[in-house]
Amino acid sequence: MGNTDKFELIADIYDTPERIRIGKVSSNAIREYLAGAENKNAIDFGCGTGLVGMNLLDDFKSILFLDTSQNMINQVNQKISGSNVQNAAALCFDFEKDSLSDLQTDYIFMVQVLLHIRDFKSVLLKLYDVLNSGGHLIIIDFNKNHEVVSDLVHNGFDQEKLAKDLLEIGFKHIRSRTFHKGSNLFMGRDASLFILDSQK
């Protein structure tokens, strides 16, 4: 995944008060889109240090934390062992380079991950294949922000255009909304976050 080398360097200082707060805001937003998930398995895709997924462990049967940064995964493993969590595992893996043919799940959520993936459509297609029939992909990311100019990340996404991309892949029942706004939220700019739920 894009920018892995940068995340490797900041893994042990990643959990700032602001990131922890946004993690809670995001996990609360995801929780509103869950139905009967306590018997379902989930993947926290691009999990970072697990700031979102760790909040949702009681909402799922199990969560697999996936990230391309081994140092981030090390942080997740410390949290899992330190909290005596029984329904979680962590794996360092890059969906842009490889596929896990035997991996299937009911929910995939990805929070501020899509903006780091240059060819995000190919990754979304792989995630579609990983989902069980009727499974959900939940995306949280920034709304398109023309004040953000960067070679490292997308400057957010247009919700309608992203929905069309997902429809072309085969997702259905797509719904999205903006749920959070903040100052200095995205590359030093004021920005807003949306949540999008789609189903296989």
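Strand β2 (residues 62–67) is largely enclosed by the rest of the structure, because five of its six residues are buried. Buried here stands for under 20% relative accessible area, exposed for over 50%, and partly exposed for anything in between, using a 1.4 Å probe and protein chains only. Strands (E, at least two residues) and helices (H or I, at least four) are DSSP runs, numbered from the N terminus.

Before we go on, please keep in mind that this is a predicted model, in which local features need pLDDT of at least 70 and side-chain atom pairs count only at pLDDT 80 or more, while totals for chains, interfaces and linings use all residues. Residues are numbered from 1 along each chain as its sequence is written, and side-chain values use heavy atoms, with hydrogens and water left out.

## The neighbours of β2

Which strands pair with β2? One partner is strand β1 (residues 41–45), which runs parallel to β2 and is joined to it by five bridges. Strand β3 (residues 88–92) is also parallel to β2, again with five bridges between them. Two strands are said to pair if DSSP finds at least two bridges between them.

You can pick out individual partners in the model. Ala42 stands opposite Ile63 in β2, and Asp67 has Cys92 in β3 as its bridge partner. As a general point, side chains in a regular strand alternate between the two faces of the sheet.

## Crossing over through a helix

The loop between α3 and β3 holds Asn84. Its phi is near 55 degrees, a positive value in a residue other than glycine. Asn84 counts as exposed, because its relative accessibility is 58%. Another residue to look at is Met187, in the loop between β6 and β7. Met187 is not a glycine either, yet has a positive phi of about 50 degrees. For background, most residues other than glycine have a negative phi.

## Charged pairs

How many salt bridges does the count give? It comes to six, where a salt bridge is a side-chain nitrogen of Lys or Arg within 4 Å of a carboxyl oxygen of Asp or Glu. In general, side chains of opposite charge can pair when their charged atoms come close. One of these bridges joins Glu18 to Arg21, with the closest N and O atoms 3.0 Å apart. Both residues lie in helix α2 (residues 17–31), three residues apart, which is about one turn of the helix. Glu18 is partly exposed at 37% relative accessible area, and Arg21 is partly exposed at 38%.

Glu147 and Arg189 meet through their side chains in a salt bridge of 3.9 Å, N to O. Glu147 sits in the loop between β5 (131–142) and α5 (159–169), while Arg189 is in strand β7 (residues 189–199), 42 residues apart. Arg175 forms a salt bridge with Asp197, their closest N and O atoms being 3.2 Å apart. These two residues also belong to distant parts of the chain, with Arg175 in strand β6 (residues 172–186) and Asp197 in strand β7, 22 residues apart. Is each of them buried or exposed? Arg175 is partly exposed at 44% relative accessibility, whereas Asp197 is buried at 2%.

Cys47 is buried at 7% relative accessible area, and Cys92 is partly exposed at 28%.

## A buried valine

Our last stop is Val123, in helix α4 (residues 120–130). Val123 counts as buried because its relative accessibility is 1%. What does Val123 touch? Not counting residues up to four places away in sequence, Val123 touches Phe45, Phe95, Glu96 and Ile117, where contact means heavy atoms within 4.5 Å. Between the C-alpha atoms of Val123 and Val111, 12 residues apart along the chain, the separation is 14 Å.
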